Amino acid sequence: MLLMYLPDTVVNSYDVTVGENLGEMELVKIEKKKYWVHDDWYCKYITVKTPFGDYVEFPCFRWLVDDKEVVLRDGKARLPKDDKTRLVKQHRHKELESRRKIYRWREWQPGIPMSIDANTHKELPRDIQFDSEKGVDFILNYSKAIENLCVNQFMHMFQSSWNDFADFERIFVRIKNTISEYVMEHWKEDFMFGYQYLNGCNPVMIQKCTKLPEKFPVTHDMVADCLEREMTLEEEIEAGNIYIADYELMEDISPNSTDPCTLQYLAAPICLLYNNSQSKILPLAIQLGQTPGEDNPIFLPSDGQYDWMLAKIWVRSSDFHIHQTVTHLLRTHLVSEVFGVAMFRQLPAVHPAYKLLLPHIRFTIAINTKAREQLICEFGIFDKANGTGGGGHVEMLQKAMRSLTFRSLCFPDAIKARGVDSPEDLPYYYYRDDGNRVWDVTKSFVWDVVCIYYDSDDTVQKDEEIQAFVKDVCSFGMQDLDCCGFPKSLKTREELTEYLTVIIFTASAHHAAVNFGQYDWCSWIPNAPPTMRKPPPRQKGVVDVKFIIQSLPDRGRSCWHLGAVWALSQFQENELFLGMYPDEHFIEKPVKEAMESFRKRLAEVSSAIKIRNEGKKLPYYYFSPDRIPNSVAV
């Protein structure tokens, strides 16, 4: 029986009867003849009933295109050592040989992770394209978002400033939700500014301050009025109550100059944070540049209302840029594409790691290719509203590669490296707590699967395909950069488990945590300005509310920004969430049992998060497994 469908049609099942005994079947070949312009078929699987009444399933889940043929193995996962006959060994070799010709590496920009060699979505292999390209057309989706939000009357009003803060509500009123409305009401308050370092859209910047950097000369007298424990600033630091967020990466990044009618500006601030006696994170001091001096003052909560407000706005704007380009684009999208391309190049469909990873690579290469085609390319949508458009975002990616290490993708290690791993010190850091839960559940599932196929560390070492996969990621995908620390080989089952967990967690859970909150936290423009139209202030006491409004994005850029964060925060139609594997690539009972256990434990995490969030004005649900798509697809 063949189960197949044509695009936009019902599923068709076909029964084919063979009159003779074919013996033991090792391979099944499907051929399709081209009759029409668009006559591609998608084959889910072929089920063979033997003369003895047994059923053997040959999973496909591939497109039959033009006059090409597809050769399938049965659904049992096999390592290279498990193949004994010359026929299946040859098939395994030919499959990879063919894939490497199709899935080629290419450098989109120097000094960043490699991508697939394709200029447009249509040039991609059919198997990794979206079913409907229209659904991921950024220009169409952003325009629809702007129209649906009823802000299209403002979208061409570039250079036109808003009148005051209340004026921003004219584009905000249609998109309010629990969190975004709370942000609008409280964005000026210090507790809201600090809270976002723990559970906002970019909760990866805060780190324990063990010593004040020389470039940030904050003194005790400056902040004494804000300290609550009758301790000096130095004593608070020693006690572990002081944190810091340093946006050093933003220094010397070129601001957007694509619009000669609008000057745009960037800053590289440093922010000192205080964990007060109620365990709230509050800002203590802000310096808007990396070099101290008279023209780079340290802004304080005791300063004038508008001085302090504008300093915080500048930090929020810099945080937005780091989030969009580094936390989101580089560390989820681009990294996941590297894993995906290497997987297709080095792992055959019969390999257990291929079967495990494929659902978590779904549409990732396609969405990234579409982004390079429309969003982050020269003169792309990114240039319309973002202060780092026009090339600054590429400079950021290149600088951020220095800190993109394999260990930084291991969630518990990244948390510990920033000194924020203690629940006693930061009891309301839900990003950390929920992320650790999902990491542990995912790693346990991966370990179960690894142990089914690898009975020892020696089996890992002798698996030439998994070793080639890991080496391809480091040597080609990450361009063998000295600082990356990506392994070129794996020696133990534990190392393999961690490596596969990083891939799945990055593509699913961490992408969800840093992507789907954009609507909540960035829709109120003053809380996450995508660009600034006045330079950072060089002295205190000269700022008023009019200057702040003129610094914030104009009406046109505000609307493009709003459309972007709305569109990026939507789930795909027919989204598959973590643990959902409707395509049965695995047929073995032990793996299916491991999957069922995985889903059960994920459901327990979702339930615990739901209970914790009850009654909260600011619920945190971005790591809830029932809201985590399997892959990076938006």
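Which residues is His333 in contact with, leaving aside its neighbours within four places in sequence? The first view takes up this residue. The model shown is predicted.

**View 1. His333 in helix α8.** Leaving aside neighbours within four places in sequence, His333 is in contact with His328, Thr364, Ile367, Asn368, His511, Val632 and Val634. His333 is buried, because its relative accessibility is 6% and the cut-off for buried is under 20%.

**View 2. The largest nonpolar core of the predicted model.** This core has 159 residues. Tyr197, Phe469 and Trp521 have the most contacts inside it. Helix α8, residues 305–346, gives the largest share of this core, 20 residues. A second, separate core has 17 residues. Among them are Phe216, Val218, Val223 and Ile298. In soluble globular proteins, nonpolar side chains tend to be buried together.

**View 3. The surroundings of Tyr197.** Residues up to four places away in sequence are not counted here. Tyr197 touches Pro203, Met205 and Ile206, and also Ala245, Tyr247, Cys271 and Leu273. Val315, Asp319 and Tyr429 complete the list of residues that Tyr197 touches. Tyr197 is one of the residues with the most contacts inside the largest nonpolar core.

**View 4. The buried residues of helix α12.** Helix α12 covers residues 392–400. Its buried residues are Gly392, His393, Val394, Met396, Leu397 and Ala400. What do the buried residues of α12 pack against? They pack against α8 and against α11, residues 382–385. An α-helix has 3.6 residues a turn, so residues three or four places apart point the same way.

**View 5. Arg432 in helix α14.** Helix α14 spans residues 430–453. Is Arg432 buried or exposed? Arg432 is buried, because its relative accessible area is 1% and buried means under 20%. A polar atom of the Arg432 side chain lies 3.1 Å from the backbone oxygen of Val420. Val420 is also among the residues that Arg432 touches.

**View 6. Lys208 in strand β9.** Strand β9 consists of residues 207–208. Lys208 is partly exposed, with a relative accessible area of 23%. Lys208 and Gln264 are 56 residues apart in sequence. Their C-alpha atoms are 32 Å apart in space.

**View 7. The salt bridge between Asp190 and Lys312.** The two side chains meet at 2.6 Å, N to O. Asp190 lies in helix α5, residues 190–199, and Lys312 in helix α8, so the pair ties together parts that are 122 residues apart in sequence. Asp190 counts as partly exposed, at 22% relative accessibility. Lys312 counts as buried, at 6%.

**View 8. The salt bridge between Lys540 and Asp303.** The closest N and O atoms are 2.9 Å apart. Where do the two residues lie? Lys540 lies in the loop between α18 (518–522) and α19 (545–551), and Asp303 in the loop between β13 (298–299) and α8. The pair therefore ties together parts that are 237 residues apart in sequence. Lys540 is partly exposed, with a relative accessible area of 32%. Asp303 counts as buried, at 18% relative accessibility.

**View 9. Further salt bridges.** How many salt bridges does the count come to? The count comes to 33 salt bridges. One joins the side chains of Asp480 and Lys488, at 3.1 Å, N to O. Asp480 counts as partly exposed, at 33% relative accessibility. Lys488 also counts as partly exposed, at 41%. Arg73, Asp83, Arg92 and Glu465 are linked in a network of salt bridges.

**View 10. A nonpolar patch on the surface.** Val16, Val18 and Leu22 form the patch. Together these residues have about 290 Å² of accessible area. Val16 is in the loop between β2 (11–14) and β3 (28–31). Val16 counts as exposed, because its relative accessibility is 59% and exposed means over 50%.

How values were computed
Residues are numbered from 1 along each chain as its sequence is written. This is a predicted model: local features need pLDDT of at least 70, side-chain atom pairs count only at pLDDT 80 or more; totals for chains, interfaces and linings use all residues. Side-chain values use heavy atoms; hydrogens and water are left out. A nonpolar core is a set of buried Ala, Val, Leu, Ile, Met, Phe, Trp, Tyr and Cys residues joined through side-chain atoms within 4.5 Å. Buried means under 20% relative accessible area, exposed over 50%, partly exposed in between (1.4 Å probe, protein chains only). Helices (H or I, at least four residues) and strands (E, at least two) are DSSP runs, numbered from the N terminus. Contact means heavy atoms within 4.5 Å. A polar contact is a pair of N or O atoms within 3.5 Å; within protein, one must be able to donate a hydrogen and the other to accept it, and residues adjacent in sequence count only if both atoms are side-chain atoms. Patches are made of residues with over 30% relative accessible area and no salt bridge: like charges are joined within 9 Å, nonpolar side chains (Val, Leu, Ile, Met, Phe, Trp, Tyr) within 5 Å. Accessible areas come from the Shrake-Rupley method with a 1.4 Å probe; for residues, only the protein chains shown count as cover. A salt bridge is a side-chain nitrogen of Lys or Arg within 4 Å of a carboxyl oxygen of Asp or Glu.
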